[in-house]
Amino acid sequence: MQAFSRQDWSGAIQHLEQAISTLESYPDKKAILEPRKRFAPVFFTLGAAAFNLPDYPKSIKAFETFLTDWPTHEKSFDARLALARACFRNKDYEKALGLFAELERFPSIRDQALAIQIECYKETGKKVEMTAALQKLIAGGINSTVQASGALQLAEVKAEAGEEDQVTTLIDQLIAKRHLVENVVALNALIVKLGDSLADKDQYEKASKVYLNVMPPDQVKSFQKARIEFLERRIAANVGAAQRNPAQALTYQGRTQISNGCWTRPRPCWPSLRSSLTTCPP
């Protein structure tokens, strides 16, 4: 559809809804059964256009119809993922939790599914469940940027609970995979916090070992600046790919969401992250 290809989401929605309305308002319901079988792409594209507008309730309805009427369609996986994202963006966290729990079994999006479940638990104040999901995310080690972000978040949770031994273990794991850490400023701050906590308890030997892992401000700035530039290039590449192939926009949007490192709220994160480069922990 031309409107969709031009990223005219409102125009695309209008045309698609007109096509659906024309079909479904036909008096002879039996006569439209066969033509409607070919309407799977119409409902899928409607869901995608509404998601991109964004109009999440409309997107949710379109994808639910698609999955109900065409459960074995070749686009069913994409529709399930898009439906889960739309529910999350619509702040229907309970529904999003269930959908992402189902998607977790697919290795290609396991990390993403767990990461958004963690965000759902955080938004609904379910700290115990959030901690369990964080532990599940990194159970096999830290092998991706999403897992590194999860390990850092888990370490912060454990630090708040005063579980210093577990914080130390997590920090050691993160330092060993520092190239996967997207927010070195936060890691540095956590290391300092742990060292201070140990020193306050007169555990000076442990504290001194912890402090040795603190990156100097200039090194942090350089590392973080390079990381941000890399992520921005990756995001730009995904956005460009989506523009060249609008039909796959939801797929590229998902990749970009993970590339941002803040999982579900990427844009507000960038200004604060950049400003933090000049205010690194000592």
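These questions and answers walk through helix packing and backbone geometry in a predicted model.

Trainee: How are α4 and α5 oriented to each other, roughly parallel or roughly antiparallel?
Mentor: Take helix α4, residues 40–52, and helix α5, residues 56–69. They pack at an angle of about 155°, with axes 8 Å apart. Angles over 145 degrees count as roughly antiparallel. The two helices are therefore roughly antiparallel.

Trainee: Which hand does the crossing of α4 and α5 have, left or right?
Mentor: Look at how α4 passes α5. The crossing is left-handed.

Trainee: How many nonpolar residues are in the contact of α4 with α5?
Mentor: On the α4 side, the contact includes F43, F44, L46 and F51. On the α5 side, Y56, A62, F63 and F66 are among them. By class, the contact has one charged residue, three polar and, for nonpolar, eleven.

Trainee: How are α6 and α7 oriented to each other, roughly parallel or roughly antiparallel?
Mentor: Helix α6 spans residues 76–89 and helix α7 spans residues 93–103. Their axes come within 8 Å and cross at roughly 150°. The cut-off for roughly antiparallel is over 145 degrees. α6 and α7 are therefore roughly antiparallel.

Trainee: How many charged residues are in the contact of α6 with α7?
Mentor: The contact includes R80 and R85 of α6 and K95 of α7. By class, it has eleven nonpolar residues and no polar ones. The charged residues number three.

Trainee: Is K91 buried or exposed?
Mentor: K91 is found in the loop between α6 and α7. Its phi is near 65°, a positive value in a residue other than glycine. The relative accessible area is 62%, and exposed means over 50%. K91 is therefore exposed.

Trainee: What is the relative accessible area of D202?
Mentor: D202 sits in the loop between α12 (184–200) and α13 (204–211). D202 is not a glycine, although its phi is positive, about 65°. D202 is exposed, with a relative accessible area of 52%.

Terms used
Residues numbered from 1 in each chain as written. Predicted model: local features only at pLDDT ≥ 70, side-chain atom pairs only at ≥ 80, totals over all residues. Heavy atoms only, no water. Axes fitted to C-alpha atoms, helices over the stretch in contact; angles between N-to-C directions. Helix = DSSP H or I, 4+ residues; strand = E, 2+ residues; numbered from the N terminus. Parallel < 35°, antiparallel > 145°, perpendicular 65-115°, else oblique. Left-handed = near helix turned anticlockwise from the far one by under 90°. Contact = heavy atoms within 4.5 Å. Nonpolar A, V, L, I, M, F, W, Y, C, P; charged D, E, K, R; others polar. Buried < 20%, exposed > 50% of the residue type's maximum accessible area, 1.4 Å probe, protein only.
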